[in-house]
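Subject: A structure for you to look at

Hi there,

Here is the structure I promised to pass on. Have a look at it first, and then read my notes below.

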Amino acid sequence: MPETPRWLVLHGHRDEARRVLERTVGDADRRLQEILTSVQEATKQAGSGGGDAPSSASVRREILLRPTPAVRRVMLAILGLQVFQQACGVAAMVLYAPRVFSHVGITSERDVLGATVLLGAAKTVAIVVPLFLADSLGRRPMLLTSAGGMAASLLVLGLSIRATSAATCVAAAVAFMATFSLGFGPVIWMYGSEILPLRLRAQGTGVGTAVNRVMSAIVGMTFIPMYEAVGMAGTFYIFAAMSAAAWVFVYACLPETKGRSLEEMEALFDAGAAPSPRAALS
């Protein structure tokens, strides 16, 4: 894999950046000019000391304290995706699958282990699919399909627990893991890295990751008290409702990023900015 064109431009290797663009996207001269312009703008927005990159304090201020409307929408999209990824209950399923299966009458340790391994296998196989389809189908269709599939499978999972149907419970759990891995598992990381401006990418990704891990801990630590309070089936109904809310969030708040360059993303999230003709056609 070659270095990215932006890294090459930042280090003075413009000819090599052009060659990489010719290999990957075509229309290399125009794309190279877009990258040069974005790098120059990022340099102008550097810290008051005149360095080559914005200071950490200025970046934190732009992300957390005084974000522009575009940055605010970008961070809302990133934080929303990270919250919903964990609010659907994937951490609870990973951590407590044996307990869930035991709840529906699977008592054999071998059967519980086999069902749990099946979950991991489904998750691993399904996560390969977005590698081949994300660029052809787009991010929104994969996220919407994933959220809808999670909501449906979690609803069936709750119903199977209430009916004590072991086979349906395992099948619904496998379907949940597979649909999670089709979109909300891998695609949110791709989407978040695409929409953050270059000058904010490191810190913005860090904030999103921190929120993700905090939500994962909350879900993992509250699962047992939750199902003791509302029942195992009720807990998965709640996770299904959160997945349905994730579908609404993606549909209402996230624009499609397929076919757009990194330089077009901030305009895409700025309600007052007109996208470039290429972005409009996309």
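How many of the residues of the protein count as buried? Of its 282 residues, 44% do, where buried means under 20% relative accessible area, exposed means over 50%, and partly exposed is in between (1.4 Å probe, protein chains only).

Before you go further, please note that this is a predicted model, in which local features need pLDDT of at least 70, side-chain atom pairs count only at pLDDT 80 or more, and totals for chains, interfaces and linings use all residues. Residues are numbered from 1 along each chain as its sequence is written, and side-chain values use heavy atoms, with hydrogens and water left out.

Now the overall picture. The protein has 15 helices and 0 strands; these are DSSP runs, numbered from the N terminus, with helices being H or I of at least four residues and strands E of at least two. Among contacts (heavy atoms within 4.5 Å) with a separation of 6 or more, 72% are between residues 24 or more positions apart.

Next, the aromatic rings. A search of the whole structure turns up 8 aromatic pairs. Rings of Phe, Tyr and Trp (its six-membered ring) pair if their centres lie within 6.5 Å; planes under 30 degrees apart count as stacked, over 60 as edge-to-face and the rest as tilted. Phe223 and Phe239 are stacked, because their ring centres are 6.5 Å apart and their planes are at 10°. This pair links distant parts of the chain, with Phe223 in helix H12 (residues 201-230) and Phe239 in helix H13 (residues 232-253), 16 residues apart. Both Phe223 and Phe239 are buried. Another stacked pair is Trp247 with Tyr251, at 5.3 Å centre to centre and 5° between the planes. Both of these lie in helix H13, 4 residues apart, which is about one turn of the helix. Trp247 is partly exposed, at 34% relative accessibility. Ring pairs also join Tyr96, Phe223, Tyr227, Phe236 and Phe239 into a cluster.

Helix H13 has a packing partner too. Helix H6 (residues 90-103) packs with H13 at an angle of about 145°, with the axes 12 Å apart. Here, axes are lines fitted to C-alpha atoms, for helices over the stretch in contact, and angles run from 0 to 180 degrees between N-to-C directions. In this contact, H6 contributes Ala92, Met93, Arg99, Val100 and His103, while H13 contributes Met232, Phe236 and Phe239.

Finally, the cysteines. The search found 0 disulfides, a disulfide being a pair of cysteine sulfur atoms within 2.5 Å. Cys88 is buried at 1% relative accessible area, whereas Cys253 is partly exposed at 36%.

Best wishes
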